[in-house]
Amino acid sequence: MKTYKLAIAGGGSTYTPGIVRSLMDRLEDLPLSEIRFYDIDGERQSKVVVAAKAVIAEYTDSIKVIDTTEPETAFDDVDFVFAQMRVGKYAMRELDEKIPLSHGVVGQETCGPGGLAYGLRTIFPMVELIDFVEKYAKESCWIVNYSNPASIVAEGVRKLRPNAKVINICDMPVATMRNMAGILGVNREDLVVDYFGLNHFGWFTKVEVDGVDRLPELREHISKWGLLTEDISKIDYRHADASWIKTFKNIKPIMDFFPDYIPNPYLQYYLLPDYIVENSNKEYTRANEVMDGREQSLFETVRKFEETGILDDAFHVGVHGIFIVDVTISIAQNLAKRYLVMVENKGTIPNLPADAMIEVPALITSKGPVPEYVGEIPYFHKAMIDQQLASEKILVEAITEGSYEKALQAFTLNKTIPSAIVAKKILDDLIEANKEYWPTLTKKYQEGV
Ligand code: NAD
Ligand code: G6P
Ligand code: MN
């Protein structure tokens, strides 16, 4: 039987043990001989690997585990790489969220100025990872990438490493479908959806079960409760934190305004930015919630396991773990399963630029994703997408050219930012905060000229 070697880059991630459990649940479809954990923070990763090893031991003793900070040891001869790096870790996420908020603008991990800042940190480390993988891994190796901000990462990779075998994925569409299925009382796998957009910036245009249109029922439910099932924690406790509940509730006001399609929950930041800011706590953001919640409970579980040998069942397999493994199995076995992923447009949506990285249904094969033709999209959605796309594309130009002016253009174009004046203030604060991480952004003209 063919077995695979898999590396996880960003092995110290809080998601690692859940993803490992998901891999273990699917060993029949994706038999593994080795799992290599790779991170630049060896100390953090080694703690997480304690939990990962304990999970693996519940299933098998035939998988070799490597815990390393050496790229060659990590990637030599591997078949797959899962990427989930958070460049700058939660300390920088916290600043990405708090600096914009201090200027009255949305403070978010992947959307608005916070997302742009995270993008400026991540492109070059992502390119470095691709180069390591190309140097050491099997030629057939695919990188399945969750590292955010996925939209900007996808554009950076398209531009700088156009031939790399990277598939950029996001769990938000599947998480949204998980909620839809809960509301409709069906299995998520039975939903047939159409969807178009950019990552964290798209719309579901069709939801069917057995050929029957279920959008009317969902509209009705959303008009009362948003995209929430009665008790989301029973379905997936990862999205049961207060801030996520609010996010799913916010689908209601968006659909009250624009009832045609079901929006990706992240559209709240672009369509309701003033409301979001009013309801944000500038002192305690999602980064704080995650550090005090998911991160602390992971390290507490590891500490307890080392002390007592008892592994609390803290690493459940939510859609996040299931989805990355589903995509990988579809590549490994050339199953051509249909999932929503990021691809280069190339005419899939004829009224968007051919070189846009869009998120649409695609068949996942061993040669990569094959997108399904979508067709022209309505003007409203196109206009929003064009603006966001321009912001993200110009940001990538700013990174590759080291251009301050382009960074400022990218910030100014972002719909969450009200003016060039505010854009400049936020950008300047973020430059200061990201000194260690960002490429140098040079001004072509003296200020005031
Ligand atoms: P985390 O901080 O717990 O883990 C990230 C790890 O990446 C850390 O251990 C860090 O040391 C490591 N890292 C940073 N730079 C690195 C580099 N250059 N090379 C190797 N490792 C590096 O973060 P988390 O909350 O667990 O999230 C992990 C990543 O997954 C983030 O990028 C997050 O945005 C992303 N994510 C994406 C999706 C999606 O839908 N696309 C969903 C969830 C999380
Ligand atoms: C969703 C998104 C991810 C994002 C994550 C943040 O799953 O698809 O792209 O990273 O939420 O979740 P967190 O719990 O870290 O706020
Ligand atoms: Mn995502």
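1. Start with Arg286 and Glu289, whose side chains meet in a salt bridge at 2.4 Å, N to O (a side-chain nitrogen of Lys or Arg within 4 Å of a carboxyl oxygen of Asp or Glu). They sit three residues apart in helix 14, so about one helical turn separates them. Helices here are DSSP runs of H or I with at least four residues, and strands are E runs of at least two, numbered from the N terminus.

2. Keep in mind that this is a predicted model: local features need pLDDT of at least 70, side-chain atom pairs count only at pLDDT 80 or more, and totals for chains, interfaces and linings use all residues. Residues are numbered from 1 along each chain as its sequence is written, and side-chain values use heavy atoms, with hydrogens and water left out.

3. Now look at Glu295 and Arg44, a salt bridge with its closest N and O atoms 2.7 Å apart. This pair links distant parts of the chain, 251 residues apart: Glu295 is in helix 14 and Arg44 in helix 2. Both Glu295 and Arg44 are buried (under 20% relative accessible area, with exposed over 50% and partly exposed in between; 1.4 Å probe, protein chains only).

4. Asp256 and Lys252 also form a salt bridge, at 2.8 Å between the closest N and O atoms. Asp256 is partly exposed at 43%, and Lys252 is partly exposed at 27%.

5. How many salt bridges does a search of the whole structure find? The count is 37. One network of them links Glu155, Arg158, Glu344, Asp355 and Lys393.

Conventions. Chains lettered and ligands numbered in written order.
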